[in-house]
Amino acid sequence: MLEEIFDLMHSGKIYDPGDEKLMEIQRERLRLLKSYNDLDPADTERRTSMLSSMFRHFGAGSYIEMPFHANWAGMFASIGDGVYANFNLTLVDDGIITIGDHTMIGPNVTITAATHPESPALREKGLQINRSVTIGRNCFIASGSIILPGVEIGDNSIIGAGSVVTKSIPSGVVAFGSPCRVIREIAAG
């Protein structure tokens, strides 16, 4: 039954995040997240071990500064190799989040794969919809950026500080603003 609920969560269809079984698992995941954030910052071995167990995939040489925030403590997120995330990374990871190898994430970045229905009647019931977010390889997401559900950011792109990314961004570009838009291509080299 739980597998069916997780499948529904990741189907792009409306579901009830208040399901008691889901909430029970989520509470356990949040306890795990609290344990991570309570670790001694110098205990890099334990931090790496915990992150590897928290995430769907946590790549070699990747690192997340404390504090780290996530609805499911990374359960539905995959982090590539050599990823660095500065403090206050927030993952609304009810949906699938994928971050490619060698991507750098500045402080206070929010990546959200969850949203709520447009219908007031459905929102009043507390229902939710999740849409995957994918950030490519070797990207830089600068401080204070917000990446919304369903967005894909192509390899080697830069998202400028304070951007609100509402639509997908192609590979090899500099983009910024609210809403975020492509400013220019990145010169080869």
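Let me start with Met 104, which lies in strand E8, residues 104–105. Helices and strands here are DSSP runs, H or I of at least four residues for helices and E of at least two for strands, numbered from the N terminus. This is a predicted model, in which local features need pLDDT of at least 70 and side-chain atom pairs count only at pLDDT 80 or more, while totals for chains, interfaces and linings use all residues. Residues are numbered from 1 along each chain as its sequence is written, and side-chain values use heavy atoms, with hydrogens and water left out.

Met 104 has a relative accessible area of 44% and is therefore partly exposed. The classes are buried at under 20% relative accessible area, exposed at over 50%, and partly exposed in between, with a 1.4 Å probe and protein chains only. Together with Phe 140, Ile 158 and Ile 186, Met 104 makes a nonpolar surface patch of about 310 Å². Patches take residues with over 30% relative accessible area and no salt bridge; like charges are joined within 9 Å, and nonpolar side chains (Val, Leu, Ile, Met, Phe, Trp, Tyr) within 5 Å. The areas are Shrake-Rupley values with a 1.4 Å probe, and for residues only the protein chains shown count as cover.

Now the sheets. E8 belongs to an open sheet of seven strands with mixed pairing, in the order E2-E5-E8-E13-E16-E18-E19. Its edges are E2 and E19 (180–185), each of which pairs on one side only. Pairing requires at least two bridges found by DSSP between two strands. E8 runs parallel to E13, residues 140–141, and two bridges join them. Across that pair, Ile 105 faces Ile 141.

Another open sheet has five strands, paired in parallel, in the order E1-E4-E7-E12-E15. There the edge strands, pairing on one side only, are E1 (57–58) and E15 (152–153). Within this sheet, E7 (residues 97–99) and E12 (residues 133–135) are parallel and share three bridges, with Ile 97 opposite Val 133.

E6, residues 89–92, pairs in parallel with E3, residues 68–70, over three bridges. Leu 89 of E6 is the bridge partner of Phe 68. E6 is also joined by three bridges to E9, residues 110–112, again in parallel. Here Thr 90 has Thr 110 as its partner.

On to the helices. Which residues of H3 are buried? In H3, residues 44–54, they are Arg 47, Met 50, Leu 51 and Met 54. Seen down the helix axis, these fall within an arc of 100°, so they line one face of H3; the arc is taken from the directions from the axis to the C-beta atoms. The buried residues of H3 pack against helix H2 (20–37), E1, E2 (63–64) and E3, where contact means heavy atoms within 4.5 Å.

Last, salt bridges, meaning a side-chain nitrogen of Lys or Arg within 4 Å of a carboxyl oxygen of Asp or Glu. The whole structure has three. Glu 20 and Arg 27 form one, with 2.8 Å between the closest N and O atoms; Arg 27 is partly exposed at 35%. Glu 28 and Arg 31 come to 2.4 Å, N to O. Why are they about one helical turn apart? Because they are three residues apart in helix H2. Glu 28 is partly exposed at 48%, and Arg 31 is partly exposed at 49%. Lys 34 and Asp 38 form a salt bridge at 2.5 Å, and both are exposed.
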